[in-house]
Amino acid sequence: MKKLYYFVLINIFISSILAIRFFIVPGASFNWAGVTFSVFAVLGHFFSAYLLLFIVCIPFIWLKQSIRNIILAAIFSFIQIGLYIDTIVFQQYRFHVNQSVLAMVLSGQVVDFSIITYLLMLAVIIVSFCAEYFILYLINKKFTVQHNKSKILLISTIFLFSSFLVNHVVHMVAFYYAYSPIMVVKEYIPLYKPFTSKKIMSFFDANGQRKVVYNKNNDNAGVDYPKKELVINPENNKPQNIMFIVLDSWRYDTFSEDISPNTFRFVKQNNGVIFDNHYSTGNATRTGIFGLFYGIPGTYWDSFLRNSIPSLFITTLQKENYNIGIFTSAKVSAPEFDRTAFVTIKNLRISSKDGSASSRDKQITEDWLAWYKARDTSRPTFSFLFYDAPHAYDFPPDFSVKFKPTGDLNYMTLNNDTDPLPIFNRYKQSVYYDDYLLQNVYDELAASGSLDNTILIITGDHSQEMNDNKLGFWGHNGNYTDAQTKVPFIIIGARELENLKNNSKKLTSHEDVVPTLMKHYLYVKNDISDYSTGYDLFSPITDRNWLLMSNYSSYAVRTSDHIYFVNRLGINHYMDLHNRETDETPNYQYIQEAMNHMRYFSQSGLNSLKDKNN
């Protein structure tokens with residue numbers, strides 16, 4: 001067993017040396033803290049991974065030595081080759097190998113391998129196997145249980161185990177304080193999931209002195225965003241007021257005259273444009289709001305969080321001297337928008353007072369009204385109102401119930417046979433309540449005379465399923481069907497309505513909001529591809545064949561009739577629009593285009609989305 005363990009230790013150091021390739025990709029930059037942490041992270045990570053492999057391989061000890069050596073050499077050479085291939089993929093795409101990548105490469109639709117490539121790969125396999133077999137041969141021939149060798153094993157184990165502990169503890173602290181030179185290391189190491197715990201850190205930080213370390217230059221980011229410095233309003237045009245009203249978990253089919261009458265009437269009275277095929281950038285708040293404020297896929301969330309990279313939309317508003325009011329019912333720090341989109345906003349309103357979602361929604365309405373009336377009217381204004389009642393299926397107990405029967409929500413008892421009607425009624429009632437609150441907002445916009453100079457976007461961060469697909473899914477964050485991703489999307493106060501109305505029938509996404517506003521209302525002169533992967537809603541959309549969506553740990557490419565879903569393990573499933581697997585073959589050209597969007601702002605070599613298929 002000691003010989004096997006010695007063999008494992010040697011492979012840990014081989015893998016650690018190969019992993020250096022992950023950190024020498026173009027654009028990577030680490031300070032001394034990041035470099036030091038990387039050493040401990042790599043060693044500790046491979047120690048834990050190989051320790052599991054060591055346990056799995058223990059039964060091979062009782063096999064005949066020649067057979068045992070062949071099996072072990074094959075297993076460990078396969079792992080080292082896989083790691084080496086992953087370094088190549090990471091250099092090209094800035095993400096690691098998974099089953100989805102392999103399926104795309106092996107499909108024959110995207111990549112054609114030459115004979116030389118196959119021969120080279122065969123040579124690598126043979127050399128790697130022979131090297132591993134030779135290591136085993138030397139261990140079996142030379143290794144004896146001597147005091148010095150036992151001491152080496154003990155010291156190595158203590159050092160590697162210490163590396164494992166140190167890297168997880170240090171990362172926990174760095175994550176709490178948003179120290180990007182440490183956090184950024186995570187994206188460079190395959191299958192690395194370092195520990196984080198706000199509860200443990202808050203125990204040591206009882207006074208709540210948690211700070212966000214905002215690195216203005218993002219020297220350690222590994223993110224190429226924007227591609228070029230923005231040229232903002234060179235003609236000094238007069239900016240217009242901008243407003244976002246977002247309901248958490250708002251279903252597309254509950255924007256109606258019956259369920260949201262005030263909003264429905266307000267939209268009709270003010271010539272609002274209603275989009276029929278609009279989708280969030282995710283099935284969860286984190287990626288839905290991220291896409292709305294950045295105009296890029298939610299798959300960038302981790303990188304932008306680790307580096308506290310703000311939204312260019314927000315920083316452009318600041319440069320244009322906007323009044324900025326952020327009013328969220330739930331905490332803006334969970335998810336961590338205080339460390340991403342709004343990191344540059346001083347004295348950010350973190351949350352409403354504790355209470356039910358409906359009471360917090362009432363508070364943000366009142367707070368916004370007070371703030372809006374007291375704003376500096378000599379400056380343009382941006383408002384963000386984020387309601388939470390639909391997410392919580394909540395409304396005040398004394399609020400008249402319109403939708404009956406209304407049942408209580410208990411996630412512990414929900415299953416595929418649960419009658420959705422009482423739960424859906426409760427949900428509709430919560431939307432109805434927020435719509436009731438929003439009438440106060442609409443009245444203020446009209447009374448203040450600012451409605452004519454305001455572009456207003458009304459939408460949801462994601463949708464909310466009521467077991468629509470009859471597969472036992474309730475809520476969100478479970479799949480990428482319409483029931484969890486299609487949201488209401490309305491624009492009020494826009495100019496150039498002809499193109500906008502034409503696009504309202506097309507496939508549109510939250511990614512399209514930022515480029516549209518930056519180009520037409522903040523007068524940014526850059527090409528959209530310098531800062532966004534979205535489309536301009538005032539220009540004809542003619543070539544969109546897919547949408548990219550994501551959540552905390554997975555992503556999906558949605559086409560007009562299929563969903564290509566990649567789970568947290570990197571395993572893909574090809575689904576129909578009701579989340580049932582199909583035997584059809586995906587269009588891997590679309591998948592490659594989506595993956596190129598996922599790497600576009602992580603690779604300095606691409607300077608335009610025109611290069612995305614190169």
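1. Terms first. Buried means under 20% relative accessible area, exposed means over 50%, and partly exposed covers what lies in between. The model under review is predicted. By that scale tyrosine 436 is partly exposed, because its relative accessible area is 47%.

2. The partner of tyrosine 436. The ring of phenylalanine 399 has its centre 5.3 Å from that of tyrosine 436, and the planes meet at 50°, so the pair is tilted. Phenylalanine 399 sits in the loop between helix 14 (389-392) and helix 15 (420-447), while tyrosine 436 belongs to helix 15. The two are 37 residues apart, and the pair links distant parts of the chain. Phenylalanine 399 is buried, at 14% relative accessible area, whereas tyrosine 436 is partly exposed, at 47%.

3. Other aromatic contacts. The count of aromatic pairs comes to 52. One of them joins tyrosine 300 and phenylalanine 304: the ring centres are 6.0 Å apart and the planes stand at 70°, so this pair is edge-to-face. Tyrosine 300 is buried, with a relative accessible area of 1%. Phenylalanine 304 also counts as buried, at 0%.

4. Charges over rings. Lysine 227 lies over the face of tyrosine 600, 4.5 Å from the ring centre. Lysine 428 takes up a position over the face of phenylalanine 424, at 5.0 Å from the ring centre.

5. Nonpolar cores. In soluble globular proteins, nonpolar side chains tend to be buried together. In this model the largest nonpolar core has 98 residues. Those with the most contacts inside it are Ile242, Phe244, Phe293, Phe313, Phe342, Phe382 and Phe384. Helix 2 (residues 32-57) supplies the largest share of this core, 11 residues.

6. Strands 4 and 5. Strand 4 (residues 323-328) is mostly covered, with five of its six residues buried. Six bridges join strand 4 to strand 5 (residues 381-387), and the two run parallel. Isoleucine 324 has phenylalanine 382 of strand 5 as its bridge partner.

7. Helix 1. This helix (residues 2-18) has 17 residues. From first C-alpha to last it reaches 24 Å, close to the 24 Å expected. Leu4, Tyr5, Phe7, Val8, Leu9, Asn11, Ile12, Ser15 and Ser16 are buried in helix 1.

8. Helix 5. Here 28 residues (115-142) reach 40 Å from first C-alpha to last, close to the 40 Å expected. The buried residues of helix 5 are Ser128, Glu132, Ile135, Leu136, Ile139 and Asn140.

9. Cysteines. How many disulfides does the structure hold? The count is zero. A disulfide needs two cysteine sulfur atoms within 2.5 Å. For cysteine 57 the closest cysteine sulfur is that of cysteine 130, 19 Å away, so the gap is too far for a bond. Seen from cysteine 130, the closest cysteine sulfur is in cysteine 57, and 19 Å is again too far. Cysteine 57 is buried, with a relative accessible area of 1%, while cysteine 130 counts as partly exposed, at 43%.

How values were computed:
Residues are numbered from 1 along each chain as its sequence is written. This is a predicted model: local features need pLDDT of at least 70, side-chain atom pairs count only at pLDDT 80 or more; totals for chains, interfaces and linings use all residues. Side-chain values use heavy atoms; hydrogens and water are left out. Helices (H or I, at least four residues) and strands (E, at least two) are DSSP runs, numbered from the N terminus. The expected span of a helix is 1.5 Å times one less than its number of residues. Buried means under 20% relative accessible area, exposed over 50%, partly exposed in between (1.4 Å probe, protein chains only). A nonpolar core is a set of buried Ala, Val, Leu, Ile, Met, Phe, Trp, Tyr and Cys residues joined through side-chain atoms within 4.5 Å. Rings of Phe, Tyr and Trp (its six-membered ring) pair if their centres lie within 6.5 Å; planes under 30 degrees apart count as stacked, over 60 as edge-to-face and the rest as tilted. A charge sits over a ring if NZ of Lys or CZ of Arg is within 6 Å of the ring centre and within 35 degrees of the ring normal. Two strands pair if DSSP finds at least two bridges between them.
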